[in-house]
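Biologist: Could you walk me through this one? I'd like to start with the overall picture and then go into some details.

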Amino acid sequence: MKKTIWGRVYFGLVLLILYLPIFYLIYFSFSSGSSMDHFHHFTWEHYQTLFADKRLLAILLETIMLALLSSLAATVLGTFGAIAIQRSKEAYRKILLSFNNILIVSPDVIIGADSFYRPGLQPGLCLRLAQPHRLFGADRGLDGPA
């Protein structure tokens, strides 16, 4: 495969877009301020609060366990699916790959449809540029339950 400079630039931009928000959150997790508009002073306060509160620690451990188990399940199912696709006949292979593509696109379609329609509101009114707020439930106070 021929690698061009534009391919490398595109790949770099994709990595930047994916990882920059994560590094942004890590950076401001050490700030003493209550907002993320600018860095105040270095502090361990947020992590001390996390490890001092048993409820927050239980939530953290459950989140890590859920991530590990879902990764394991996805890996096992994906491996079996790949083996099944590789061993299937050409006609069945195309059908299985079509089903696979539906599973890849489905979550984006559902989130997009939810952005355009909310009961009691005009369709299209809830379209937001900041979709991650919807995933974390930050919009619940604006227009009812998600």
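Modeller: Bearing in mind that this is a predicted model, 11% of the 146 residues of the protein chain count as buried.

Biologist: And what does the accessible surface come to?

Modeller: The accessible surface of the protein chain is about 12,600 Å², and carbon and sulfur atoms account for 72% of that area.

Biologist: How many helices and strands are there?

Modeller: There are 6 helices and 0 strands in the protein chain, so that, read from the N terminus, the order of elements is α-α-α-α-α-α. Among the contacts with a separation of 6 or more, 8% are between residues 24 or more positions apart.

Biologist: Which residues make the nonpolar surface patch?

Modeller: That patch, of about 910 Å², is built from Tyr10, Phe11, Val14, Leu15, Leu18, Tyr19, Ile22, Phe23 and Ile26. One of these residues, Phe23, sits in helix α1, which spans residues 5-28.

Biologist: Is Phe23 buried or exposed?

Modeller: Phe23 has a relative accessible area of 51%, and because the cut-off for exposed is over 50%, Phe23 counts as exposed.

Biologist: Switching topic, at what angle do α2 and α3 cross?

Modeller: The axes of α2 (residues 45-52) and α3 (residues 54-87) cross at roughly 90° and come within 5 Å of each other. An angle of 65 to 115 degrees counts as roughly perpendicular, and the two helices α2 and α3 are therefore described that way.

Biologist: Which residues meet there?

Modeller: On the α2 side they are Thr49, Leu50, Phe51 and Ala52, which meet Lys54, Leu56, Leu57 and Leu60 of α3.

Biologist: How about salt bridges, what is the count?

Modeller: The count is 1 salt bridge, and in it the side chains of Arg93 and Glu90 meet at 3.6 Å, N to O. Both Arg93 and Glu90 belong to helix α4, where they are 3 residues apart, about one turn of the helix. As for accessibility, Arg93 is partly exposed at 25%.

How values were computed
Residues numbered from 1 in each chain as written. Predicted model: local features only at pLDDT ≥ 70, side-chain atom pairs only at ≥ 80, totals over all residues. Heavy atoms only, no water. Patch = residues over 30% accessible without salt bridge, like charges linked within 9 Å, V, L, I, M, F, W, Y side chains within 5 Å. Areas by Shrake-Rupley, 256 points an atom, 1.4 Å probe, with all protein chains shown as cover. Salt bridge = Lys/Arg side-chain N within 4 Å of Asp/Glu carboxyl O. Helix = DSSP H or I, 4+ residues; strand = E, 2+ residues; numbered from the N terminus. Buried < 20%, exposed > 50% of the residue type's maximum accessible area, 1.4 Å probe, protein only. Axes fitted to C-alpha atoms, helices over the stretch in contact; angles between N-to-C directions. Parallel < 35°, antiparallel > 145°, perpendicular 65-115°, else oblique. Contact = heavy atoms within 4.5 Å.
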